[in-house]
Amino acid sequence: SIVRVREGFLLTFLASSDFNNSAYKDLFDRHLTSYKLLQVKVQSNGDQEYYFSIRFGKNDGYGADFINKLKSLSGIKMVEIITGRDSAEY
């Protein structure tokens, strides 16, 4: 499947199988003006890959603070953000 994100950013993160997926929602609600879950892939070891299209608030820029907070959540292994302007495709 191909995902095109023209505006905003494509966020992907890898989480362990015991990750509490409600943990990210509060963080997203505080930092993002909008977000949409595009896909979740479960790997053979039980890890989960999450794909979101997201938009930051005007004062958040590229969201360094948001990324650091997301990385600090229990169970998060990897976080990656790609700008929609780079026409990310998966």
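Phe-9, Phe-13, Phe-19, Tyr-24, Phe-28, Tyr-35, Tyr-50, Phe-52, Phe-56 and Phe-66 make up one aromatic cluster. This is a predicted model, where local features need pLDDT of at least 70, side-chain atom pairs count only at pLDDT 80 or more, and totals for chains, interfaces and linings use all residues. Residues are numbered from 1 along each chain as its sequence is written, and side-chain values use heavy atoms, with hydrogens and water left out.

In total, there are 15 aromatic pairs (rings of Phe, Tyr and Trp, the last by its six-membered ring, with centres within 6.5 Å; planes under 30 degrees apart are stacked, over 60 edge-to-face, the rest tilted). Here are two of them:

| Pair | Centre distance | Plane angle and type |
|---|---|---|
| Phe-28 and Phe-52 | 5.0 Å | 75°, edge-to-face |
| Tyr-35 and Phe-52 | 6.3 Å | 65°, edge-to-face |

Phe-28 sits in helix α1 (residues 23-31) and Phe-52 in strand β3, so their pair links parts 24 residues apart in sequence. (Helices are DSSP runs of H or I, at least four residues, and strands runs of E, at least two, numbered from the N terminus.) Phe-52 is buried at 1% relative accessibility, while Tyr-35 is partly exposed at 31% relative accessible area (buried is under 20%, exposed over 50%, partly exposed in between, with a 1.4 Å probe and protein chains only).

What about strand β3 itself? Strand β1 (residues 9-15) pairs antiparallel with β3 over 7 bridges, and strand β2 (residues 32-42) runs antiparallel to β3 with 9 bridges (pairing takes at least two DSSP bridges).
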